[in-house]
Amino acid sequence: MAKILDDVSRTFSEYLLIPRLTRTHHLPSNVSLSTPIARTKDEAEPLLKLNIPFVSASMQAVSGVETAVALARRGGLAFIYCSQPIEEQAAMIAKVKSRKAGFVESDSNVKPDTPLGEAVKLIKQTGHSTLAVTHDGSNRGKFLGILTDKDFWEYEDNLQIPVSTYMTSVENVVHGKVGISLHDANALLRKHKKECLPVLDSQGCLQSLVFKKDYVDHLNNPDELLDDRKRLCVGAGINTHDYKERVPALMDAGVDVLAFDSSDGYSEFQKDAALWIRKKYGSSVILGGGNIVSADAFRYLAEEAALDFVKIGIGGGSICITREQKGIGRGQASAVLDVVTARNKYYQETGTYVPLCSDGGLANDTQIIMALAMGADFVMMGRYFAMTNESPTPKVSMGGRLYKPYWGEGSNRARNWQRYYSEEADGMKFEEGVDAYVPVVGSISDVLNVTIAKLKSTMCNAGSSGLREFSTNAVLTRISEQSFRESGTSNVVSIDRDIQFNG
């Protein structure tokens, strides 16, 4: 007969944290959110640490280039989705990697004989106010000049005239040479009061651009997640079907972290794929997998598949219906607690620490905090990032409010047949995700500011200055239905909510 577990499948909303002693040094400014994303042995330094414990899900409606750039600038990591052709995913990875800290590969270029009208269209399409003019219109062509939106009047000038008439010629453009340091490049911008500095090679060909605004961005984002070449870090989702072709292309594009994207990662398919990647690339590649919800599954992926990190969660996502469709899954809090216990036991036995990612089941900032308190090293989120300006879907106005489309990788809209491939099925016979809309809430930076502030404040309440200490010191209590109701407002009239609703 079937084995039935004694424990109840619980969610994050069923727990509260008990405050610990807050000492004088427990201030938000002293809290570190750095966390490992690669396994370590005997407390050695991991290959990579996140500067904030947040990564975005490998989903079409979530992790595009702009999401990856914005998240890496804050210290997190995006996983570019794999439900697309290999060449397109690799191109997205390469585009993120071109965003070197301060040195940017020009992606808006024109030829000198390009009509001004076409240049205006390009400026509107890209949102970039500066265009490099090269002999062939490429980002590595011989540099001839710069055209900015201050060099012409769109509604007064003749849009048929070539840009060479309006551009600032190379002779009058302040530029740097390949090898210049970022510090010296910014010094030139400041000295000459310029917004953009082209960097040229010895043949006069364009190599990169340095912008004043990026210098300001860097000062505003001191926790940028960068590789050893000062490029922004980016991750990629992979599957267990075309990994022999996909992974080499992603590695060539410069990807920093790979992760299997699967609703159920407790499989020999994932183990075999992981071992193939390990044999080809050794320990130099950071490789994660999952998703799982049990101690047995963790042990299998940590030992047999030698993964760097393991994702926890089946059926808890806001657009995921795996539990409803297949009866598979577990309450996210129960899953995290069980797998964390297994991870800690594995660490005590072997000296190897395998980071854990809580993926799904996070409806608000409080539940994010709870997942980290329970022992997850970082969290993966879809809806959270789908609601931001940087997500790759268009804004839609409904009822006077802006929304964005959001759909699951297991939905028909994703057309992600490989993820659910079977010999018998001709395409997808049922869905494990839905197609929906989410409200637009602002930029990634704005929403992270709020979440990070709450997390640091809670960690101080719990007497912790780091995430490992936070999970070690955390004391949790289960709550009743009545205490859950008590947690919210009661017996009052909310001006912002009730009066507006009744009015």
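**Confidence and labels**

Tutor: Let us begin with confidence, since this is a predicted model. Over residues 497–503 the pLDDT stays under 50, and the model has five contacts for this stretch beyond four places in sequence. Over residues 420–425 the pLDDT is likewise below 50, with six contacts beyond near neighbours in sequence. For the protein, the mean pLDDT is 89, and 88% of its residues reach 70 or more.

Student: Why is Q84 called buried?

Tutor: The relative accessible area of Q84 is 10%. Buried means under 20%, so Q84, at 10%, is buried. Q84 is placed in the loop between strand 6 (77–80) and helix 2 (86–97).

Student: Which residues does Q84 touch, not counting those up to four places away in sequence?

Tutor: Q84 touches Q89, M92 and R246. Here a contact requires heavy atoms within 4.5 Å. As for Q60, it is 24 residues from Q84 in sequence, and their C-alpha atoms are 8.7 Å apart.

Student: What makes K193 exposed?

Tutor: K193 has a relative accessible area of 76%. The cut-off for exposed is over 50%, therefore K193 is classed as exposed. K193 lies in the loop between helix 4 and strand 12, and has a positive phi of about 55 degrees although it is not a glycine.

Student: Why is A306 called partly exposed?

Tutor: A306 has a relative accessibility of 25%. Buried requires under 20% and exposed over 50%; 25% lies in between, so A306 counts as partly exposed. A306 is in the loop between helix 8 (295–304) and strand 17 (309–312). Its phi is near 55 degrees, a positive value in a residue other than glycine.

Student: What makes strand 11 and strand 13 edge strands?

Tutor: The open sheet has three strands in the order 11-12-13, with mixed pairing. Strand 11 (176–177) and strand 13 (206–211) each pair on one side only.

Student: What kind of peptide bond joins G290 and N291?

Tutor: The bond is cis, with omega about 5 degrees. N291 is found in strand 16 (residues 286–292).

Key:
Residues numbered from 1 in each chain as written. Predicted model: local features only at pLDDT ≥ 70, side-chain atom pairs only at ≥ 80, totals over all residues. Heavy atoms only, no water. Pairing = 2+ DSSP bridges. Helix = DSSP H or I, 4+ residues; strand = E, 2+ residues; numbered from the N terminus. pLDDT = per-residue confidence, 0-100. Buried < 20%, exposed > 50% of the residue type's maximum accessible area, 1.4 Å probe, protein only.
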